[in-house]
Amino acid sequence: MNIGFIGTGTIASAVVEGIAGDGHVIAVSKRSAAHSARLAGAFPNVTAQDNQTVVDQSDVIFVGLMAEAAGDILGALTFRADQRIVSLMAGASLAEVADMVAPATATTIMIPFPGIALGGSPFMGYGDTDLLEGLFGARNTLFALQSEAELTAYNCAQAVLSPAVRMANDAADWLGARVSDPAQGEAFLRALVGSSLMGGDCASLLAALDTPGGYNQRLRNHMTDSGMSATLAEGLNRLEREE
Ligand SMILES: NC(=O)c1ccc[n+]([C@@H]2O[C@H](COP(=O)([O-])OP(=O)(O)OC[C@H]3O[C@@H](n4cnc5c(N)ncnc54)[C@H](OP(=O)(O)O)[C@@H]3O)[C@@H](O)[C@H]2O)c1
């Protein structure tokens, strides 16, 4: 497939890396000089081009711009009616992207995470999710969403990742001040939290971690009594209101 990327920043670069080994012909915006030069140097099937050349060479075009800038940048380009557009932008609806790329068709919104570069990453998709499954599904897990309202809710809820990592990091710092090998302590906590979450649903895990008077139950009760769950719900509601 001939695939283009307009905007080759952090997330678009990760997406390129994730599919660069799959035999596609890939053109990326040379504007993001460091990222585009690195990708073109690393993969023989990736070239860095000006934006219009990226569009002209591609059947499917990914947009990895900041949503606020996309209207002006895409509006200056000429698209064809046979082209499909995948937006990586969290802040633009499919209808808004469609206006920017006409007569091409804005078919899909994809919200990936940096881990897509290596595979094994979850990602969200709305619209033509068959296209995403075909390109990324073999090595990553697509969560196909039914509406843009659902996409907004997922975008808010996925932000739990950063506070969850913050909590693991704080516990690792606490542990590191008490043990001979702080790095081993952090590795242990990452392995414990990561593998436990992957092992099954949250309700079952919480039940398994509910030994009366055990370490987990006592710390969880301390934190929920201190308002942890209420604070999280408040934060998610606030993100949703600000959308
Ligand atoms: N980061 C994530 O984990 C993530 C995940 C999912 C979705 N997203 C979405 O992906 C989009 C990009 O996010 P990001 O984190 O990758 O930001 P970013 O690294 O700032 O990428 C934006 C890129 O657009 C480039 N750009 C600016 N003007 C341009 C122009 N006229 N022509 C071509 N390229 C131009 C920038 O190049 P310069 O650096 O040269 O200005 C930059 O490389 C956002 O809409 C965001 O909502 C991000």
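**Chatting through a two-domain model**

Visitor: How is the chain divided?
Guide: Into domain 1, residues 2–145, and domain 2, residues 159–242. Keep in mind that this is a predicted model.

Visitor: What separates the centres of domain 1 and domain 2?
Guide: 34 Å, taken over C-alpha atoms.

Visitor: OK, on to the sheet. What's the strand order?
Guide: Reading across, you get β3-β2-β1-β4-β5-β6-β7-β8. That's an open sheet of eight strands, and the pairing is mixed.

Visitor: Which are the edge strands?
Guide: β3 (46–49) and β8 (141–145), each of which pairs on one side only.

Visitor: And the twist?
Guide: From one strand to the next, the twist averages 25°.

Visitor: What stands opposite Ser29?
Guide: Gln49, in β3.

Visitor: Which helix lies across β2 and β3?
Guide: That's α2, residues 33–42. Helix α2 runs at about 150° to β3.

Visitor: Switching to the ligand. How many residues surround it?
Guide: 25 of them, and the closest are Gly7, Gly9, Ser32, Met89 and Ala90.

Visitor: Which elements give two or more residues to that shell?
Guide: Helices α1 (10–19) and α4 (67–75).

Visitor: How do the shell residues divide into nonpolar, polar and charged?
Guide: The shell around the ligand has 15 nonpolar residues, nine polar ones and one charged.

Technical notes
Residues are numbered from 1 along each chain as its sequence is written. This is a predicted model: local features need pLDDT of at least 70, side-chain atom pairs count only at pLDDT 80 or more; totals for chains, interfaces and linings use all residues. A residue is near a molecule or strand if its C-beta atom, placed from the backbone, lies within 6 Å of it. Helices (H or I, at least four residues) and strands (E, at least two) are DSSP runs, numbered from the N terminus. Ala, Val, Leu, Ile, Met, Phe, Trp, Tyr, Cys and Pro count as nonpolar, Asp, Glu, Lys and Arg as charged, and the others, Gly among them, as polar. Two strands pair if DSSP finds at least two bridges between them. Axes are lines fitted to C-alpha atoms, for helices over the stretch in contact, and angles run from 0 to 180 degrees between N-to-C directions. Two residues are in contact if their C-beta atoms, placed from the backbone, lie within 7 Å. Domain bounds come from an automatic or database domain assignment.
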